[in-house]
Amino acid sequence: MLATTFTLALRSIRRHLLRSFLTVLGIVIGVAAVVAMVTLGQATTAAVQQSIASLGTNILQVRPGQGFGRGGGGARPPDFDQRDVDAVVEQVAGVKAVAPQAQSTATAIYNGANWSTTINGTTNDYFEVQPWNLTGGRTFLPAEEAAGRAVCIIGNTVRQNLFREQPAVGERIRLNNVSCDVIGTLETRGQAGFGGDQDDVVIMPIKTVQRRFTGNRDVRLMLVGVDDNYDTAQVQESLTEVLRERRRLEEGDEDNFNIFDTAQISATLTGTTTLLTSIVAAVAGISLVVGGIGIMNIMLVSVTERTREIGIRLAIGAVAREVLLQFLVEAIVLSMLGGLIGLVLAQIVIVVLTPIMQVPFVFDPQINLIAFAISAIIGVVFGFFPARRAASLNPIDALRHE
Amino acid sequence: MAAAAAGAASVADEPIIALRGVTKVYGEGPTAFEALKGVDLDIDPGDFVAVMGPSGSGKSTTMNILGCLDVPSAGQFRFKRVHVETLDRDQRALLRRRYLGFVFQGFNLLSRTTALENVELPLVYRGEDRKTRQRLGMAALEKVGLDKWWDHTPAELSGGQQQRVAIARAIVTSPDVLLADEPTGNLDSERSVEIMQLLTGLNRDSGITVLMVTHEPEMAAFARTVIHFKDGLVERIDRNHHQGERV
């Protein structure tokens, strides 16, 4: 009986092919939109997580300053110095290593090519607290760090702009008026999650940068690597305590430094993209409801058109439930076909958009299944009312219907 | 039931259909219209009955009640001892499915559906499998002489052929009673006679009880019993002794 009903539904849909297609267009677009949006949203989240993971996990970034977006007024909080760095290493439990950073900008020149870039002064700990491998050359020697020698490790963007395809290690470049030996090249890290090219950088020993570029002993930023066996939050707490003491902050004073936990940033950003994804998906979901109304509309028209047929079926002994089932199955088949077309459309949209959005292609069977199930449910919900109307027709009136 | 129908002529048989004081009122209050005013009627199994009367006489209302499509406002309708007036919508549908066949004036075939599929339709609701449906459907088409036309749609058939398909659909389930509402109303006299001969033959050979509404005396002449309705009551009942002969 059900198989017959199913065949009947397919035949009826085929009989009005164009109308059926237009009817399910809402479902097609709705399903395609929901699946594409959710999939692309997940891909974006994955991309953001990836780029944050490239910064390294279990890292605390410590900067002087007061909270986010606290503009103007009052003296600028002082930078850190080497003694702060040493104090953190010695006094805070769970700290694996601390990489101090002093930053400046300079124009790098090699053989007539020049490129404006960021100079980042740090120590070898920089490569220890975060995953960033060299593609060639070496890191700093202890003697180079101690003496503040003019040696540098260059990021991939700088390398490409100055050296093209030629080997860079062993060459000598000029940074403003400082001559500097290239001792290493870094692997590509790509865009940071919040803009800015992480590969556009030249890394030098911190002493060199302090002496030759910034002209002071200040440390702008500390990258604190946390031991995997320690809880980041706890380390952050004792780190705050040590720094407050060193910066002579009274009880009740606000911190004049910020500590960012990359894991926390990752969680925040993931939360944000997930929220955005669900909002966009919800908007797309509205078109599913609109599509359902379209199906109900056409099913009502169909019931009216086929009133005589319904009358015949009732007269020869169909019970109400069987007529109801016939129209319900037709609505469900219709909307499931729409759902299927929508899924195919969604995959096409995703394949086209992922390279443009520079996110990885992720096929998530769950969202596809859910969207398909929703299209079926829409068929049930919006097909029920027309089907019940068909089933409740009076056979005598239905047979007389012109 | 075939045995019961075969012995139709015997006097001892109780009526297959019995109406007692059946009334039917449409509407309510001052606008109410009493279509049937207390009809008493017995129909024997195997009979060939023509129902006649002017429009508004209550013959269509009676046929709707006899076809279990409608219920009386008051009174009793017993069909094979079952009190139909006590049955609900779905129970009456099951009764129609099991015991009744319908032929309409306007044929009422499903368009864009082949003759065989039209004939198979009642079997679908009986839950017969595909093979049985085809076998019984072809057999019914053969009885009406259209087995060679099984794959034609109604649009490709003449009016007479369409009505014969409709008759095949009505008899495919071997019903006890065949209800025909002006079956020749849309046909010329030659086709009409063919249809009447077909019905007469079915009545004679299969013992099927035929109830037919008509306003043409020539068609009523094929029946064994002619019931005349007037003003919501049975006016008189005639017995034809030369049933089946052309007048």
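In chain A, helix H2 (residues 17-53) and helix H12 (residues 365-391) have axes that come within 10 Å and cross at roughly 155°. Angles over 145 degrees count as roughly antiparallel, so H2(A) is roughly antiparallel to H12(A). Their crossing is right-handed. This is a predicted model.

Which residues in H2(A) meet H12(A)? On the H2(A) side they are A:Ile27, A:Val31, A:Val34, A:Val35, A:Val38 and A:Thr39. Facing them in H12(A) are A:Ile367, A:Asn368, A:Ala371, A:Ser375 and A:Ile378. By class, this contact has eight nonpolar residues, three polar ones and no charged residues.

In the model, the span 21-41 of chain A is 100% helix and 0% strand, with its end C-alpha atoms 29 Å apart. The span 275-303 of chain A is likewise 100% helix and 0% strand. Its end C-alpha atoms lie 42 Å apart.

Now to chain B. Here six strands form an open sheet in the order S6-S7-S8-S3-S9-S10, and the pairing is mixed. Strand S6 (100-103) and strand S10 (233-239) of chain B stand at the edges. Each has a single partner strand, so one side of each is left without a neighbour in the sheet. From one strand to the next, the twist averages 20°.

Strand S9 (residues 225-230) of chain B pairs with S10(B) in the antiparallel sense, over six bridges. One residue pair can be picked out there: the bridge partner of B:His228 is B:Arg236, in S10(B).

Helix H2 (residues 59-66) of chain B lies across strand S3 (48-52), strand S7 (177-181), strand S8 (209-213) and S9 of chain B. H2(B) runs at about 150° to S8(B).

How do the two chains meet? In the model, 17 residues of chain A are in contact with 19 residues of chain B. Four helices of chain A each supply at least two residues of the side that touches chain B: H1 (2-15), H10 (307-315), H11 (320-357) and H13 (395-400). Which of them gives the most? H10(A) does, with five residues. The residues on this side of chain A divide into eleven nonpolar, two polar and four charged.

Terms used. Residues are numbered from 1 along each chain as its sequence is written. Chains are lettered from A and ligands numbered from 1 in the order in which they are written. This is a predicted model: local features need pLDDT of at least 70, side-chain atom pairs count only at pLDDT 80 or more; totals for chains, interfaces and linings use all residues. Two strands pair if DSSP finds at least two bridges between them. Axes are lines fitted to C-alpha atoms, for helices over the stretch in contact, and angles run from 0 to 180 degrees between N-to-C directions. Two residues are in contact if their C-beta atoms, placed from the backbone, lie within 7 Å. Angles under 35 degrees count as roughly parallel, over 145 as roughly antiparallel, 65 to 115 as roughly perpendicular and the rest as oblique. A crossing is left-handed if the near helix is turned anticlockwise from the far one by less than a right angle, and right-handed if clockwise. Ala, Val, Leu, Ile, Met, Phe, Trp, Tyr, Cys and Pro count as nonpolar, Asp, Glu, Lys and Arg as charged, and the others, Gly among them, as polar.
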